[in-house]
Amino acid sequence: MSKTSELLKLANHHWPIPWNKEAVQNTYRRIERSMLLHMPALISAARAGNWLPDYSAAAFMQLWGNLTDHGHAFNAPSINWGFNLTEPQCTKALAHFLCADGNAELSRVRCAAFVRALYRAAGISTGNCLKLEKVEPGSLKVEAERAVGKKRIDLALEWKEEATNGESDQRLILIEGKFNHHVTKSQLSIYRQFANRHVKSSARALFLVIDRMTSHTARMLNYNREWIPLTWRALIRRLEIEMASLEVPPDHDFARLRKTIWEMCTNQSI
Amino acid sequence: MSTVLSLPESVRDYMQDSGVRTAVDHLLGQKTKDFPLDLQWEEVLSFHDALLMAAKVRRDYIAALMEAWELVWGPVLKKHSRLKELPFSDYDPEALPTPEVIWQDSLYRIFEISGWQQEAWLYTSVEISPKDGLVIYIAAEEGAKNISLLSDTSGLEFWQPDDNGYWKCKVGGSINVAGKIALEELLMAAEEAIAYILKG
């Protein structure tokens, strides 16, 4: 008989394992006795030891940047005029600060941080994205409530990129922002068609900034795949980090607006 | 020697740094199913670290309130044998020391006052806020209808009526830059309130 068949025969054999309650109880008693014996030492060690994590504010800084910086939005009081800003007021105010009162270089660097923040907040690395590094002087235009047919897009950023061969390339970013409101059915496609008429697809980006993703918005985005969704809170978070990284000079009023936008989001917004 | 409450570094940061405060408030409002979709993989652990630190701030805040209560209310209440602390089973759920009640409201400790004509209760509470520092409250009620035993605060040096049937201490335990709170006046206030209620 081969070894294999011997083993199979053994395996098929019935191996009765009788239940031995006493053996189980004895084992448990031994463990329990040992536990009780060592319990005072364990309790004493637990009380003496510091079992809590050490506090470090660095954990917050990794997510939101330098919170001790006075220019950080979290350190600014939100705007409190006794009523909540409406969506158009909010985007107009944002456009105002991105324009930087006509200070071209400040406007460029704020917009550069803003655009980087849009991509990062959407979870996209900024490697192959539109950038405001080589903007043709005088070409950057920031417009709130830009007319698109009978509708108005919340925010449009447009500029010409300095090309190495001496030619200029038009760039366009459209941003539609929503706080607790649904995107209407035709809005996104109308704005995309508008962008399509103005610049080629590689020279444009369309962002939908929302309070939180709802099933309705997700369905709209399914039909409008060029639109990149992101949340306001993610945008503000990334904007703080990008502004610090590009060393954008602090501005108290701009910080107040960012804090206000942060607070306009619901608790469900992340 | 003057009595001083030293806030842990975490609570001091929370009270004195609005940036940290905004971050912590946001993190403590998150549900365990929430996740910021803009995060990259290399930031995931940072997110969980930040949640842990926010929980640490809340835990340390609770520890600071318990210490504050012991320092301010403890000495005067322990002097009176007529006061017997209620078990948690007799607490109103909104006064239990849950994370939510302590973080969003106050730390409450409730006592039964014996020797009164009817059943009577004494409510004490402490809370710390960035604006006011350490604030103490007191209330007392009797009978099934919860009639307040507190009349107006005229003649009292340290107390003013609060909107919720409590007395609120007028003097604050303001937080100094080192995160310390001097408790002398609050101790006197506690003595004054208890003497007023128990004599009634």
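Chain A holds 9 helices and 5 strands, where helices (H or I, at least four residues) and strands (E, at least two) are DSSP runs numbered from the N terminus. This is a predicted model, in which local features need pLDDT of at least 70, side-chain atom pairs count only at pLDDT 80 or more, and totals for chains, interfaces and linings use all residues. Residues are numbered from 1 along each chain as its sequence is written, while chains are lettered from A in the order in which they are written.

**Chain A overall**
- Along the sequence, the pattern of chain A reads α-α-α-α-α-β-β-β-α-β-α-β-α-α.
- The radius of gyration of chain A is 30 Å, whereas a compact globule of 270 residues would have one near 18 Å (taken over C-alpha atoms; the globule rule is 2.2 Å times the number of residues to the power 0.38).
- Its C-alpha atoms fill a box of roughly 90 × 60 × 40 Å along the principal axes.
- Of the 270 residues of chain A, 34% are buried (20 or more other C-beta atoms within 10 Å of a residue's own; exposed means 12 or fewer, partly exposed in between, with C-beta atoms placed from the backbone).

**The nonpolar core**
- The largest nonpolar core has 112 residues, and among the members touching the most others are Phe60(A), Phe207(A) and Val72(B) (such a core is a set of buried Ala, Val, Leu, Ile, Met, Phe, Trp, Tyr and Cys residues joined through C-beta atoms within 7 Å).
- Helix H3 (residues 41–72) of chain B gives the most to this core, 10 residues.

**Where the chains meet**
- Chain A and chain B each bring 24 residues to the contact (two residues are in contact if their C-beta atoms, placed from the backbone, lie within 7 Å).
- On the side of chain A that touches chain B, the largest share, 5 residues, comes from H3(A).

**Helix H6 of chain A**
- The 12 residues of H6 (187–198) should span 16 Å at 1.5 Å a residue, and the end C-alpha atoms, 17 Å apart, agree with this (the expected span is 1.5 Å times one less than the number of residues).
- Leu188(A), Tyr191(A), Phe194(A) and Ala195(A) are the buried residues of H6(A).
- Seen down the axis, these buried residues fall within an arc of 125°, so they line one face of H6(A) (the arc is that of the directions from the helix axis to the C-beta atoms).
- Exposed Gln193(A), Asn196(A) and Arg197(A) sit on the face of H6(A) turned away from its buried side.

**Ser2 of chain B**
- Ser2(B) lies in the segment before strand S1 (4–6) of chain B and is exposed, with 7 other C-beta atoms within 10 Å.
- The C-alpha atoms of Ser2(B) and Glu184(B) are separated by 6.5 Å, though the two are 182 residues apart along the chain.
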